[in-house]
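Here are my notes on the charged side chains. Please read them with the model open.

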Amino acid sequence: MKLKVLGCSGGELPGHRTTCFMVDDKLAVDAGALTGSLSLDQLTKIDDILITHSHFDHVKDVPLLADLLVGRRKKPVRIHASRQCARTLHKSIFNDELWPDFTRIPDARNPVIRILPFDPTKPFRIGKYRVAPVPVAHPVESVGYVLSDGRASVAFSGDTGPTTRLWKRVNAERRLKALFVELSFPSRLQQLADVSGHLTPATLAKELDKIERDGQPVLLYHLKPAFMAELRRELKALRLDNVRTLERGEEFVF
């Protein structure tokens, strides 16, 4: 499994792009940095996009991608979203008001994109990949994922505050190679993090105690750019074992 980090920030500023991971050049996990990172040729090769939840920084490039791909693919790009997230995409984005309904363009039988709802508690397959969604703690329906190609597995927390179900699922996974875990606010803003369903270094340290790790790295993403330096200092002081922040453009082979 080859994975590239297209975006790993919790907001956009020069040098920072929002959440987006590219797996084997064909499967994206979240869509916060597709059109700003990939060439048109690379974008046409994307077959599937896994969405963790409906917040703008995770879905914003789905409509932009759809517009770019008109007339360039024979098959629609499949957007996999939990049932609640799928409803939001239809109602709030592809509604012919905020954006044209590319689930019906150029026509309903041959659209540019197809939104496929899934049950957030049941595993499913995307080609060779086994996808296990797990509900996590966020103000809207949000899921983490355990993604496996049969040889290696990785886990994505999605946007979440303290949770339990995801770590139980992670602990049961064989061949787990890495955990991609969100971190958003410094601990001095704990109340804001709790209300908005995010982690701080303080709550991250407690969450790591729930994980049965055997050397797998914990790779942190979704850091808010305005607090980046403060978050790095706080993490350094905690000296968490095998935990580090991600950088945009990093590539992994698992």
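**Notes on charged residues**

1. Glu182 is buried but has no salt bridge, and the nearest side chain of opposite charge, Lys224, is 7.6 Å away. Buried means under 20% relative accessible area, exposed over 50%, partly exposed in between (1.4 Å probe, protein chains only). A salt bridge is a side-chain nitrogen of Lys or Arg within 4 Å of a carboxyl oxygen of Asp or Glu. Lys and Arg count as positive, Asp and Glu as negative; His and the chain ends are not counted.

2. This is a predicted model: local features need pLDDT of at least 70, side-chain atom pairs count only at pLDDT 80 or more, and totals for chains, interfaces and linings use all residues. Residues are numbered from 1 along each chain as its sequence is written, and side-chain values use heavy atoms, leaving out hydrogens and water.

3. What does the side chain of Glu182 reach? The backbone nitrogen of Thr160 lies at 3.5 Å from that side chain. Glu182 also touches His198 and Tyr221, among others (contact: heavy atoms within 4.5 Å).

4. The structure holds 17 salt bridges. In one of them, the side chains of Lys4 and Glu251 meet at 3.8 Å, N to O. Lys4 is partly exposed, at 34% relative accessible area. Glu251 is exposed, at 53%.

5. Arg78 and Asp48 form a salt bridge through their side chains, at 2.7 Å, N to O. Arg78 is partly exposed at 32% relative accessibility, and Asp48 is buried at 5% relative accessible area.

6. Salt bridges also link Glu12, Lys60 and Asp61 in a network.

Technical notes:
A polar contact is a pair of N or O atoms within 3.5 Å; within protein, one must be able to donate a hydrogen and the other to accept it, and residues adjacent in sequence count only if both atoms are side-chain atoms. Lists of a residue's contacts leave out its neighbours within four places in sequence.
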